[in-house]
Amino acid sequence: STQSTWGKSGIRSLAVAKCQGTEDWKMVGLLTFQDPPRPDTKDTIEKAAEFGVEVKMITGDHLLIAKETARALGMGTNIYDPSMLPSLQGEELTNPPKDLGNKYGEQILRANGFAQVFPEHKFLVVETLRQMGFKVGMTGDGVNDAPALKRADVGVAVQGATDAARSSADIVLTQPGLSTIVHGLMISRQIFQRIKNFLTYRIAATLQLLTFFFIAVFALHPVDFVPKPRPSNFIGPNDWPYFFEMPVLMLMLITLLNDGTLISIGYDNVNPSKHPDKWNLKVLFIIAGVLGSVACGSSLLLLWAALDSWNPNGLFHGMGLSGLGYGQVITTMYLKVSISDFLTLFSSRTTDGFFWTVKPSIILLAAAAVAMSTSTILACLWPDSSEHGIQTEGLTRATPKLMALWVWIYCIIVWLIQDSLKVFVYYLLERYNVFDINGTMVHNHAVLDSIVTDRGVSMESTHDDYRDHTIPVARQILSPTTPNPTPINHYSGN
């Protein structure tokens with residue numbers, strides 16, 4: 001029929017008839033209306049799909065109109081009428097059955113949307129998806145959208161929504177369109193990523209400090225490295241303590257500069273995840289443990305080599321770095337722990353990628369540069385002193401003069417190994433799905449987030465009984481900015 005042909009093209013039609021007195025109604029003609037999607041809607045839906053969010057359309061429009069609209073928006077044409085869905089009545093709307101997901105979940109997942117629905121069907125779709133473990137967002141503007149908006153994990157009332165819809169929603173949009181939702185999605189995932197980076201770095205840095213000092217105190221006794229017989233230029237054995245310890249001032253400087261750099265993570269550049277995020281603390285602790293273990297192990301190795309520098313067969317002796325005084329050893333370790341901490345930050349911020357995959361922000365670079373420069377200058381120019389019996393000496397005040405440069409080279413090599421090992425561990429975790437790491441990355445319909453979008457009829461009435469049976473359009477989402485649909489043609493009947 002003509003109406004079906006128009007419907008397949010997304011054109012609505014309204015029959016016009018007249019009568020005089022007691023005469024029978026006579027057909028006058030058909031009015032056709034076109035209510036196309038907003039210009040930015042298709043791009044918004046595509047961006048949502050890129051971030052692992054599937055958009056389903058649920059509308060009171062005719063099935064043909066809905067299919068054409070979905071086709072134009074690239075949403076797919078698997079649009080069904082509500083005959084496959086049950087009707088929830090009365091108490092079921094407040095206490096829905098617990099088996100909706102099992103009964104109707106697969107059908108709803110396969111569908112790109114539903115047409116010719118009643119208000120309770122919106123609630124049913126949202127509740128079914130939630131029972132299946134999805135995080136569901138719902139957009140709407142009318143009184144009949146309120147139950148579904150309230151039931152959704154995130155209810156969004158669009159611009160111009162009724163007071164009932166606004167009060168039931170979690171978010172109220174003040175501007176037309178859905179692009180704000182996608183922008184908010186990106187911002188929230190960036191915040192999540194920054195928090196994750198913060199925790200990874202905080203745990204890794206803490207592990208390095210605690211485990212390094214714990215092992216160093218009990219396993220590496222400086223007095224055991226005093227050569228026998230002592231060289232003429234060697235500091236007396238009473239100056240080398242039994243336990244390794246670092247001055248409190250140096251520890252305070254490490255933590256102070258560390259925390260200052262840590263704050264800059266809140267302003268760092270991050271790439272939002274392409275899939276809905278959720279916490280996997282076991283994986284987070286594993287990655288932080290790998291980063292912290294490499295930094296700690298390298299610090300212990302350097303401490304052992306520095307203490308053993310008087311050994312003619314030692315590592316440092318072969319490199320021309322022999323004969324370090326105990327004060328130089330302490331300052332060397334201060335510089336090593338500081339630089340390793342700051343470099344670990346750059347490995348922590350890129351998750352499963354190498355440190356260069358995400359460009360750091362200027363603020364983070366500046367904070368790290370200030371912290372590392374300050375630590376290097378202090379290590380080089382630290383005055384000869386003995387704080388609480390702990391001897392310290394600046395690295396440029398005795399030979400070898402380039403000790404700080406060697407420490408920097410060593411830290412960079414260790415950092416590259418640390419970052420590569422992190423990427424490798426991520427690869428193994430994802431390959432063998434350790435601790436269900438792949439479960440945090442959602443693919444297709446596995447645990448996909450959904451947005452159920454209201455798309456109602458174009459012809460709106462001020463009468464509530466008419467609105468209850470037609471599902472008012474979310475005009476701010478999918479309709480033109482004009483307040484009413486535009487007549488595009490008039491056909492006269494004979």
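1. Leaving aside residues up to four places away in sequence, Met246 touches Phe213, Leu251, Ile254, Ile330, Met333, Tyr334 and Ile390.

2. Met246 also belongs to the largest nonpolar core, which has 55 residues. With Phe212, Phe244, Leu303, Leu307 and Phe316, Met246 is listed among those with the most contacts inside this core. At least two core residues come from each of H8 (179–219), H9 (248–263), H10 (281–307), H12 (326–348), H13 (362–381) and H14 (403–431). H12 gives the largest share, 12 residues.

3. A patch of about 920 Å² is made by Leu301, Trp304, Leu315, Met319, Leu402, Leu405, Trp406, Ile409, Ile413 and Ile417. H10 and H14 each supply at least two of the patch residues, and the largest share, five residues, is from H14. Leu301 lies in helix H10; Leu301 counts as partly exposed because its relative accessibility is 43%, between the 20% and 50% cut-offs.

4. On confidence, the chain has an average pLDDT of 83, and 87% of the residues score at least 70. Two stretches need separate mention. Over residues 442–449 pLDDT stays under 50, and the model has 21 contacts beyond four places in sequence for them. Residues 456–494 also stay under 50, with 119 such contacts in the model. Where pLDDT is low, the predicted coordinates should not be read in detail.

Conventions. Residues are numbered from 1 along each chain as its sequence is written. This is a predicted model: local features need pLDDT of at least 70, side-chain atom pairs count only at pLDDT 80 or more; totals for chains, interfaces and linings use all residues. Side-chain values use heavy atoms; hydrogens and water are left out. A nonpolar core is a set of buried Ala, Val, Leu, Ile, Met, Phe, Trp, Tyr and Cys residues joined through side-chain atoms within 4.5 Å. Buried means under 20% relative accessible area, exposed over 50%, partly exposed in between (1.4 Å probe, protein chains only). Helices (H or I, at least four residues) and strands (E, at least two) are DSSP runs, numbered from the N terminus. Contact means heavy atoms within 4.5 Å. pLDDT is the predictor's confidence in each residue, from 0 to 100. Patches are made of residues with over 30% relative accessible area and no salt bridge: like charges are joined within 9 Å, nonpolar side chains (Val, Leu, Ile, Met, Phe, Trp, Tyr) within 5 Å. Accessible areas come from the Shrake-Rupley method with a 1.4 Å probe; for residues, only the protein chains shown count as cover. A salt bridge is a side-chain nitrogen of Lys or Arg within 4 Å of a carboxyl oxygen of Asp or Glu.
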